[in-house]
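This briefing covers a helix, a set of strands and the nonpolar cores of one model. The sequence and structure come first.

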Amino acid sequence: MKIELPHTASPVEILDWSPDWPERFAIKANAIRHALGDHALRIDHVGSTAIRGLAAKPIIDVQLSVADLELIEIIAEKMATIGYLWRPLNADRTKRYFREQPGDERTHIHMRRLGSWQEQWSLLFRDYMRAHVLEHAPYAELKRALAARYRHDRMAYTEGKSEHLWQIIRRADQWAAAGGWKPGPSDA
């Protein structure tokens, strides 16, 4: 089911990490697992809310890994039954993007092909940041500064993080190569 809703941007807000975020992910992931069954090869909590201690926007990011993005029509129908709507106008063609229905808790669901570079990037970033707590403060400081500067411009906020994220992922790549990193089991 394709639904494109008008974009209503709320202000960019960075909060201290909350122990509620993993719990909220677990509830959402359980519903997705039940709705999609074997279509969901992995369901992972990604983004800053998945990294204990890291300040973040209070939006749960879920990465849904599938065998083929061409399954979108089937998956979109099943996701709609649990309140997540496909946003087909997403500019990133390496994923399919779902959001909550208007009025529901903000949730970003990124459907990516299992084993793709983009899927691996999200998992590597998360795992590296979980293992490297000293990376948290500089990243959180940058996010807070950008949120203050671009409170009503999410695109500028996101672009402002880009160089810092690439610096982290370069360190994460070295860490992964040195330790033989591979993604652990799916979170759900």
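**Strands, helix and cores**

In the hairpin of β4 and β5, Gly-103 takes a positive phi near 95°, and 6 residues lie between the strands. The model is predicted: local features need pLDDT of at least 70, side-chain atom pairs count only at pLDDT 80 or more, and totals for chains, interfaces and linings use all residues. Residues are numbered from 1 along each chain as its sequence is written, and side-chain values use heavy atoms, with hydrogens and water left out. Helices (H or I, at least four residues) and strands (E, at least two) are DSSP runs, numbered from the N terminus.

**Strand pairing** (at least two DSSP bridges between two strands)
- β4 and β5 pair in the antiparallel sense over 5 bridges, and Tyr-97 stands opposite His-110 in β5.
- β3 and β4 also pair in the antiparallel sense, over 3 bridges; Tyr-84 stands opposite Glu-100 in β4.
- Of the 6 residues of β4, 6 are buried (under 20% relative accessible area, 1.4 Å probe, protein chains only).

**Helix α2**
- In α2 (residues 72-80), the buried residues include Ile-72, Ile-75, Ala-76 and Met-79.
- These residues lie on the same side of α2, because they cover an arc of only 100° around the axis (taken from the directions from the helix axis to the C-beta atoms).

**Nonpolar cores** (buried Ala, Val, Leu, Ile, Met, Phe, Trp, Tyr and Cys residues joined through side-chain atoms within 4.5 Å)
- The largest core has 23 residues, and Ile-32, Leu-64 and Phe-98 have the most contacts inside it.
- α1 gives the most to this core, with 5 residues.

Technical notes:
Buried means under 20% relative accessible area, exposed over 50%, partly exposed in between (1.4 Å probe, protein chains only).
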